[in-house]
Amino acid sequence: MRDEELRNEGSERSKLIPHSSSLTYLMGRAFTRLERVLNLETQQGYQNKAVVGGIRQFAVFWVGQAREEAMDEADRALVEQVAEVLMGYGRLPGAEARRKALDSLTARLKVRQERLGKSPSPTKQAHRQPRPAREVKRGQVKKSPRRPERLPKPKQKAPTKTPDTFVEPEKPQIKPLPPSAEPDPEGLSQPVTALSGVGPKLAEKLQRLNVATVWELLYVFPRRYDDYTLMKPIKDLAYGEQVTIIGTIWETRARRTRANQIVVQSVISDGTATIQATWFNQRWLVDKLKSGMQVVISGKVDQYLGRLVFNSPEWEPLEMDPLQTRRIVPVYPLTEGLSSKRMRAVMDTAVTRWSRHIPDPLPESIRKRRDFYSLPQAVQQIHFPATQDSLHHARQRLIFDELFLLQLGMQGQRHKWQSQPGIPLVIDEEALSQFRASLPYQLTDAQNRVVNEIITDMRQEIPMNRLLQGDVGSGKTVVAAAAMIVAAKAGTQAALMAPTEILAEQHYQGLRQLLAPLGITTCLLTGSTPAAEKEQIYADLASGQIQIAIGTHALIQEAVTYSRLALAVIDEQHRFGVDQRQALREKGAKTANGKPNPHLLVMSATPIPRTLALSLYGDLDLSILDEMPPGRQEIKTRWLRHSERERAYAFIRGQIERKRQAYIIYPLVEESDKVDAKAAVAEYERLQNEVFSNLKVGLVHGRLKSREKEAAMQAFKQGETDILVATSVIEVGVDVPNSTVMLIEGANRFGLAQLHQFRGRVGRGEHQSYCILISDAETAVAEERLQALEQTNDGFQLAEKDLEIRGPGEFFGRRQSGLPELHLASLLDVHMLEMAQTEAADLFAADPMLEQEEHRLLKESVAKFWEQAGDVS
């Protein structure tokens, strides 16, 4: 984006922040550039296109420059506030929400301009022309300027603090950093009762926060901060600001709206003005927020009928005197019976006494190169920051630690896997050529590329450890088939484990047709396999007569032994636990060192953004099928309000009249008192008896017996039923080319990736297919999610969006991914993630086993960090 273009763009926003050379000085280059971007974004109608890559991308680069140019503490706080708004801008639902966000930023920049404009610019003072010296006549003595008399300094009275008088905060009392001390891991491992003032009852309450030791207590970080260093009187608040105020409640009352909602409103005063705070459906607040009570209110300043208000702010009783201390006050997670004041006091004791004894495992060379705080200093400042700047530096150090330990663990997993011998296989090129020729279609370039990557791996003495990613319908199964042919033709065995019987059955039917012409024997082994048949399969697997086994968890039962398992394939791998994945590997053929170490191929139809894939599976090589087979039609997706349900039913009738079929998905199996959502069983009855009484409706859900599920699926596949009512059990593995409609009820209750999987069940034949989303709640997040699904069929784009909306923690559960829990770090923080990956790779290249004395503490920290996580692959 060229500055000339921005300079020529006019908008209403530019009237709020006038362009001038003096403003450029006051704002600095970063702030001036920000203003221009805001102007252009407004001009373009809030489309998130003012800069290439969007506002979020701009924020990543802007924030570093802005931090450098910040002129004071208030500036540094403003930079962090602006960065937070910009990073979340793309997630805001619609133009109106984005307009409000930009208006808030503009107002903050205007306040900054006015604040800095009150005093003459130092630059201007430096460049002022000196006044000409006054001529002194001969014989006249030049008088020195008279110094003002020094008056005795009057004793200052302590400010009288009445319940509704705003008092200007005093200069902050910065808590000194802890002096260096000997690390004391034993002392840190003591129970919290070793702390002064912590008895058994308080220890029991802390246990509910998963805190048993002093060390664990120090790592309970604040969930937010009340920044009293920038506290403002109510009269100076501006719309859109994120602020903390202190005031006295004048009155609190509750009323009901026409929609029967309870609204609680308090009027708060600090002596300069009053402001109203509103909470919804929390009637109990009337008894809590009594008249005359002093409170701390934190939240965003909103507007209602031209007046400034707080909507649903956080609040707590004023339990301390921030006016005298002027501190950034931590706000911790609490539990019943543990007040904020008590928690802060306990934490203060722990930090003061023990933070300086925390061992710092980070090599000094990295700490100096990256200009990081020491670990004791970072822990002290994360709890009781002296300034916003020190809080930022503390967070950076602790975030880096988590990502660094994560990456070192990944490198260790990879080294451990590759340091053990594998099973090099001889590739039968003729069989692969015969396989390709037998297919009724040409493999895509992406499929050929990935097949070659896999073949190259399986030739090696180092075992393959590869993640295969592909969107719904990208052809992962054919690629897996090629890998299994390599194993079978080399005189070994392969096993493919799927999470459900339906998916295992589908893989078996498809692979048997592909592999039988090549003389390769296959079997299906699931929980539903009859006992006599199981015994025969066990014997044939042990003798090697069956070359390829396809199944569910039944493949890893103790009774199952393989003659020479050289390839383990895991489909929908994120739906398996760590132990299950490891159990299949343990079934592998023994290698030169006497341990099982088969080639491993894990597949995922839930696309994972590349950045996250490198974090979640840093020990795996990554293959991506980024090309769809030709002829695959785009599925038309529409989002309807629940009031438009009849339109969807009419559309389904029309499709069935054309001899097509439809799915209707529900979030629940049966109705629940706790969840207000439609349920499959009750809706199946209603649809069959009232809505589609002249059609055949089937039902499948997770609580049915395997035989019942299979019968319902087969009836639908063979066209015996027109509509299949289902729950998420059909998320994967169903292939019915004649189905053209996917209607998803309660679509807001599913994640984007799951909705995309449902949609992928249709569009598998020659006919145009459709996906209809019906939402039973109109929240901003639900709206954003469903709009994204309407706009694209690209699973990787949707995965990026889903990750952005839900965050990595929800995107992948910890149990499935095998990742340690991250307290502060985000896998979305690409800059910090790349820094951690770089440092981890360099360190690992020099000392892969972390055996050097200077890395001893680091090795212990990696082991401790990963002890609850298990194996990531």
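Me: Which residues of helix 15 meet which residues of helix 16?
Reply: On the helix 15 side you've got Leu375, Ala378, Val379, Gln381 and Ile382, and they meet Ser390, Leu391, Ala394, Arg395, Arg397, Leu398 and Asp401 in helix 16. A contact here is heavy atoms within 4.5 Å, and a helix is a DSSP run of H or I with at least four residues, numbered from the N terminus, while a strand is a run of E with at least two.

Me: What kinds of residue make up the contact of helix 15 with helix 16 by class?
Reply: There are seven nonpolar, two polar and three charged residues. Nonpolar covers Ala, Val, Leu, Ile, Met, Phe, Trp, Tyr, Cys and Pro, charged covers Asp, Glu, Lys and Arg, and the others, Gly among them, are polar.

Me: Where do the numbers and values come from?
Reply: This is a predicted model, where local features need pLDDT of at least 70, side-chain atom pairs count only at pLDDT 80 or more, and totals for chains, interfaces and linings use all residues. Residues are numbered from 1 along each chain as its sequence is written, and side-chain values use heavy atoms, with hydrogens and water left out.

Me: Why are helix 15 and helix 16 called oblique to each other?
Reply: Helix 15 (residues 375–383) packs on helix 16 (residues 388–418) at about 125°, with the axes 8 Å apart. Axes are lines fitted to C-alpha atoms, for helices over the stretch in contact, and angles run from 0 to 180 degrees between N-to-C directions. Under 35 degrees is roughly parallel, over 145 roughly antiparallel, 65 to 115 roughly perpendicular, and the rest is oblique. Therefore helix 15 and helix 16 are oblique to each other.

Me: What makes Gln380 count as buried?
Reply: Gln380, which is found in helix 15, has 2% relative accessibility, so it counts as buried. The cut-offs are under 20% relative accessible area for buried, over 50% for exposed and partly exposed in between, with a 1.4 Å probe and protein chains only. Across the protein, buried residues make up 51% of the 873 residues.

Me: Why is strand 9 described as largely enclosed?
Reply: Six of the six residues of strand 9 are buried, so the rest of the structure largely encloses it. Asn465, Leu467 and Gln469 point one way, while Arg466, Leu468 and Gly470 point the other way.

Me: How do you know that strand 9 and strand 15 pair?
Reply: Pairing takes at least two bridges found by DSSP between two strands. Strand 9 (residues 465–470) and strand 15 have five bridges, in the parallel sense. Leu468 stands opposite Ser623 in strand 15, and the partner of Gly470 there is Leu625. Five bridges also join strand 9 to strand 14, with Leu468 opposite Met603.

Me: What makes strand 11 and strand 15 edge strands?
Reply: The open sheet has seven strands in the order 11-12-10-13-14-9-15, with parallel pairing. Strand 11 (522–525) and strand 15 (621–625) each pair on one side only, and these are the edge strands. From one strand to the next, the twist averages 20°.
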